Amino acid sequence: MPLPHRTLHALAGTLLCLSAASAAHAGSATYVIDPAHTYPSFEADHLGGLSTWRGKFDRTSGKVTLDKAAGTGSVDVAVEMASADFGLPAMNDAARGKELFEVSKYPTAIYRGQLAGFVNGAPTKVEGSLTLHGVTRPLELSIKSFKCMPHPLNKRELCGADAYAVFKRDDFGMDAGKTYGFNMDVTLRIQVEALIDDGSAGKVALASPAH
């Protein structure tokens, strides 16, 4: 039995509204890294296994783009090397000098990459490169956790992740201690939180993946 014209008109209107809502939630959104909740940390060997030194960087900035439905995104992070903190002022001063970071010459480390390996709308790795001490080399980050949620105060979308990688610091021209048997491996861990920027607020809003 054919539907009345008024009913068909109502159904068409509903479908149009649903399509418009879907379009509003589609596409890539930009998230600004929250420096108050983003602290890259690192672990490095001391005297060939005698102990492990740990520290973090106190000043980080950057942005992340993310399209959950398409399973794509990018990462662009800058770290101020002078903000390295080992928990020991003398070590901090030494690390800023020529023996390690040379912050007067190389003040910033940059990581850029593409989010990849999406599972249920969440990336599991970043395929990118690290620029450190004036050297750029490929570096893949493994993402151990990833979550997005409405920020409890301003209701904009907030995403966070925990990522890590291992690299050899002498590949970046920092081989202090190598002749004394120091292991050159450095474990890098990045806890990051990023808040969707105002211009992207209508694009994602916790959209579900299409696959």
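In this predicted model, the side chains of Arg59 and Glu80 meet in a salt bridge with an N to O distance of 2.8 Å, a salt bridge being a side-chain nitrogen of Lys or Arg within 4 Å of a carboxyl oxygen of Asp or Glu. Arg59 lies in the loop between β3 and β4 (60-67) and Glu80 in strand β5 (residues 72-80), so the pair ties together parts that are 21 residues apart in sequence; strands (E, at least two residues) are DSSP runs, numbered from the N terminus. Arg59 is partly exposed at 40% relative accessibility, and Glu80 is likewise partly exposed at 38%, where buried means under 20% relative accessible area, exposed over 50%, and partly exposed in between (1.4 Å probe, protein chains only).

A salt bridge also joins Asp185 and Lys168 (2.7 Å, N to O). Asp185 belongs to strand β11 (residues 185-196) and Lys168 to strand β10 (residues 157-168), so this pair ties together parts that are 17 residues apart in sequence. In the salt bridge between Lys56 and Asp58, the closest N and O atoms are 2.3 Å apart, while Glu43, Arg54 and Arg189 are linked in a network of salt bridges. The structure holds ten salt bridges.

Residues are numbered from 1 along each chain as its sequence is written. Because the model is predicted, local features need pLDDT of at least 70 and side-chain atom pairs count only at pLDDT 80 or more, whereas totals for chains, interfaces and linings use all residues, and side-chain values use heavy atoms, with hydrogens and water left out.

Conventions: Helices (H or I, at least four residues) and strands (E, at least two) are DSSP runs, numbered from the N terminus.
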